Amino acid sequence: MSLPRTELAPGYDIPRVIVGGWQLSAGHRRVPPARPQVLENLLDLVSEGFTALDCADIYTGVESLFGDLRRLCRERLGDETARSLRIHTKLVPDRSDLARVDRAYVETIVDRSLSRLGTDRLDLVQFAWWDYDVPRYVETALWLDELRRAGKIRHIGVTNFDVARLREILEAGVPVVANQLQYSALDHRPERGMTDLCRSHAVGLLCYGTLAGGFLSDRYLGAVDPARDPENRSLTKYRLIIEEYGGWEAFQALLRTLRAIGDETGGSIAQVALRYVLDRPGVAAAVVGMSRAERIREAHSAMDLTLSPAQVERIRRLGAAAPGPVGDCFELERDRRGPHAAVMKYDLNREAG
């Protein structure tokens with residue numbers, strides 16, 4: 001299978017669909033997936049060309065899972081395929097530790113990720129910061145850059161920063177190549193300054209939430225609102241985004257539009273939603289959650305769709321008329337008093353030990 005690729009940095013290219021690992025983490029769903037079967041599914045995807053994977057230091061168990069995958073790739077698919085893997089992780093200091101983060105703290109987490117992933121250099125470390133009232137995020141990004149220059153990290157990215165703080169990091173000289181953020185037909189917050197900032201600094205957007213945890217699919221067209229009892233943390237999170245967008249009826253109107261465009265182009269709702277985001281300015285790739293291997297393959301088929309300017313405008317116009325989500329990237333999720341923060345777990349590095 002030939003997957004379209006994009007160059008994220010000179011000499012570093014990735015497929016435009018990245019396999020996301022959050023849904024594989026312990027505690028994400030009521031019944032965790034069986035590890036042996038997950039590894040087999042991942043191995044099949046890698047053999048088909050899905051060679052970019054996304055995880056994090058705080059996705060409990062996923063870095064070690066991807067480390068096992070790397071070893072399996074060497075044994076069963078060969079060294080060349082194993083070397084082609086692009087495993088992106090994150091550095092998310094615990095909220096309760098922010099005031100004491102120093103270079104040693106950062107290096108400890110990086111070294112642990114290196115060990116879990118079974119490598120001597122991390123491909124991409126995407127850096128996050130919970131609380132801007134603890135203003136040490138620039139220093140921390142600079143410590144990451146020191147580790148890059150020392151050879152422990154190949155590239156640096158960020159995730160869930162707002163425009164002002166990312167600008168500070170860029171102006172400090174940190175060579176950021178990627179920004180992982182939430183972007184979908186339901187959530188246009190990156191268009192309020194972030195897209196322009198990243199394009200002006202050659203920072204590629206890696207977009208998660210493009211399918212809203214699966215809500216943006218034919219399964220939910222005409223469905224009863226599951227607000228009271230979502231199956232997992234993804235659905236809990238994205239059901240809140242639907243509420244910001246205008247509620248279940250506004251969401252159904254969006255699904256009907258996506259379905260109509262799918263009828264015109266030969267695609268599913270999920271494929272139209274993904275193609276829409278991949279065509280937005282500055283978007284390098286989409287992170288699609290690995291709840292089912294079939295979802296990743298369906299996402300790849302979105303590459304065969306072509307959306308006309310008129311079709312794109314129909315989706316964009318619905319978003320422009322929606323009451324939200326409001327504010328900058330991750331602003332709603334950062335508000336400890338709001339409902340979005342209740343989905344967050346702030347001290348997972350400490351729990352992981």
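This is a predicted model: local features need pLDDT of at least 70, side-chain atom pairs count only at pLDDT 80 or more; totals for chains, interfaces and linings use all residues.

Which residue forms a salt bridge with arginine 86, and how far apart are the closest N and O atoms? I looked it up: the partner is aspartate 13, and the closest N and O atoms are 3.7 Å apart. I count a salt bridge when a side-chain nitrogen of Lys or Arg is within 4 Å of a carboxyl oxygen of Asp or Glu. The pair links distant parts of the chain, 73 residues apart, with arginine 86 in strand β5 (residues 86–91) and aspartate 13 in strand β2 (residues 12–15). My helices (H or I, at least four residues) and strands (E, at least two) are DSSP runs, numbered from the N terminus.

Residues are numbered from 1 along each chain as its sequence is written, and side-chain values use heavy atoms, with hydrogens and water left out.

**Salt bridges, continued**

Arginine 86 is buried, at 11% relative accessible area, whereas aspartate 13 is partly exposed at 28%. The cut-offs I use are under 20% relative accessible area for buried, over 50% for exposed, and partly exposed in between (1.4 Å probe, protein chains only).

Aspartate 145 counts as buried at 7% relative accessibility, and arginine 148 is partly exposed at 28%.

Then I looked at arginine 259, which forms a salt bridge with aspartate 218, closest N and O atoms 2.7 Å apart. Arginine 259 is in helix α9 (residues 248–265) and aspartate 218 is in the loop between β9 and α8, so this pair ties together parts that are 41 residues apart in sequence. Arginine 259 is buried at 18%; aspartate 218 is partly exposed at 31%.

I also found a network: Arg103, Glu107, Asp111, Glu146 and Lys152 are joined by salt bridges that share partners. A search of the whole structure gives 30 salt bridges.

**Cysteines**

How many disulfides does the structure hold? I get zero, with the cut-off set at a pair of cysteine sulfur atoms within 2.5 Å. Cysteine 207 is buried at 0% relative accessible area, and cysteine 329 counts as buried at 5%.

I noted a cis peptide bond joining glycine 324 and proline 325, omega about 5 degrees. Proline 325 is in the loop between α12 (309–321) and α13 (331–334).

Asparagine 160 has a positive phi, near 65 degrees, without being a glycine. I place asparagine 160 in the loop between β7 (153–159) and α6 (163–171), and it counts as buried at 15% relative accessibility. Alanine 212 also isn't a glycine, yet has a positive phi of about 50 degrees. Alanine 212 sits in the loop between β9 (204–208) and α8 (233–245) and is buried at 1%.

Method first: on a 1 Å grid over the protein atoms alone, a cavity is a set of points where a 1.4 Å probe fits but cannot get out, a pocket is an open set with protein on both sides within 12 Å along at least five of seven lines, and lining residues have an atom within 4 Å of a point. Grid points are joined across faces, edges and corners, and a volume is the space filled by probe spheres set on the points.

The largest pocket has a volume of about 700 Å³. It is lined by 39 residues, with Trp22, Tyr59, Tyr208, Lys237 and Tyr238 nearest its centre. α8 gives the most to this lining, with four residues.
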